[in-house]
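Come along and keep the picture open beside you.

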Amino acid sequence: MAKIREFLAKNRMTQDELCKRLGLSRDTLVDGDDKKIGLAIKTAFGKGAPIVDDSMEALAPWARKFPVRSLQRQGLIPQNIQGAELVSAIFRFMGVASTDGFNSYYSAVQNTVNPQTYAAWIRLGELRATRSDKEFSINKKMIVDNLLSLRRNTIFKSQEKGYFRTSVKEILNNSGIEFFEVEPFITAPLPICACFWVGNQPVIQVPTNTMNDSQFLEAVFHAVGHILLHPKRTMCLIAPQAAQGENKPANHKHSLPTASNIEKCDEAMRFAQDLLLTEAEECELICNGHFMERRCITHFAGQFHVRPGILVERLQQQGMISLRSPLNDFKQAV
């Protein structure tokens, strides 16, 4: 156990994270066979020659579902490997000791169209994140105030491309939350947003593609909601859903939160939507009856101190105006 504590301290990793990545229970980590645990740690985090055994050969089809060629081009796994060697390389890149460890730690991706691709995308962000040894201090009021300043901030189309995302990054970083833009893999539909913890550091990650400002803000606010409401270091991924016929949360028609606990995702979504536009504000807008007119959107945007695109997005989610409405030009790409 002393060696495990030394490993955790050196790598600024929590015991819970290590258990999930190795696919082991806490009791097994504390009281289990030292050689077996040591082998699992070397499989997931070792240096030099990879750990390969005969059982890995059967996992080759699972490993080939990862974006192997893209990972090889980026130098993240070796070239010209297959079979058990490929499985071992994937384990080491993902920081897991087995498929049980992968399923446990990356449970948030399990219901998506391609779990391996989304997990690899999240892993790229994990490798960039700062592993802090200090506990993250949640100042909910400060973070909410900062988010509301984003909601009220009007960014004109003439401004420099990427300015809005830069503002988001600065505000989140000042709140103690790391924010990354990570290039997505082409082997799965574009992810929308992910949040996770690297040791004691909360991270929010979005793809490098552009999306309209209201969708972007909703995704970021949703992720912040997860961090603020569920400080037990849960992971959340917002991505296209895998199966037909699954229930989607209200007001979230185009994507499905795929966390291990959907109730937590629903709570975080409500937190995001209340910050974007409260229920009372939404009712006032709809009851006005002229919400398909540009002057109405402009008027209420000023009254609520909210970006016009957010009003248009909410009305479209409620089915009040068409998805092809001329008002879509209020929704600027960021």
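**Entry 1: a helix and its faces**

I began with helix 4, residues 34-45, which has twelve residues and reaches 16 Å from its first C-alpha to its last. That is close to the 16 Å expected at 1.5 Å a residue. I kept in mind that this is a predicted model.

Next I asked myself: which residues of helix 4 are buried? I found Ile37, Ala40, Ile41, Thr43 and Ala44. Looking down the axis of helix 4, I saw that these buried residues fall within an arc of 160°, so they line one face of the helix. On the other side I noted Asp34, Lys35 and Lys42, which are exposed.

Then I wondered what the buried residues of helix 4 pack against. My list has helix 1 (2-11), helix 2 (15-22), helix 3 (26-31) and helix 7 (83-94).

**Entry 2: the nonpolar cores**

I moved on to the largest nonpolar core, which has 51 residues. I wrote down the residues with the most contacts inside this core: Ile204, Phe216, Phe221, Val224 and Leu311. Helix 12 (residues 213-229) gives the core its largest share, nine residues.

Leaving aside neighbours within four places in sequence, I found Val224 in contact with Ile143, Leu147, Leu172, Ile204 and Phe271. Ile204 is a name I had already met among the residues with the most contacts in the core.

I also noted a second, separate core of 40 residues, which includes Leu71, Ala84, Ile122 and Phe180.

**Entry 3: a strand and its partner**

I turned to strand 1, residues 178-182, and asked how many of its five residues are buried. I counted four, so strand 1 is largely enclosed by the rest of the structure.

Strand 1 pairs with strand 3 (residues 201-207) in the parallel sense, over five bridges. I followed one of them: Val182 has Pro207 of strand 3 as its bridge partner.

**Entry 4: one residue up close**

My last stop was Asn173, which I found in helix 11 (residues 163-174). Is Asn173 buried, partly exposed or exposed? Its relative accessibility is 36%, so Asn173 counts as partly exposed.

Not counting residues up to four places away in sequence, Asn173 touches Glu178 and Phe179. I also looked up Asn173 and Val203, which are 30 residues apart along the chain. Their C-alpha atoms are separated by 9.5 Å.

Methods:
Residues numbered from 1 in each chain as written. Predicted model: local features only at pLDDT ≥ 70, side-chain atom pairs only at ≥ 80, totals over all residues. Heavy atoms only, no water. Buried < 20%, exposed > 50% of the residue type's maximum accessible area, 1.4 Å probe, protein only. Helix = DSSP H or I, 4+ residues; strand = E, 2+ residues; numbered from the N terminus. Pairing = 2+ DSSP bridges. Contact = heavy atoms within 4.5 Å. Core = buried A, V, L, I, M, F, W, Y, C linked by side-chain atoms within 4.5 Å. Expected span 1.5 Å × (residues − 1). Arc of directions from axis to C-beta.
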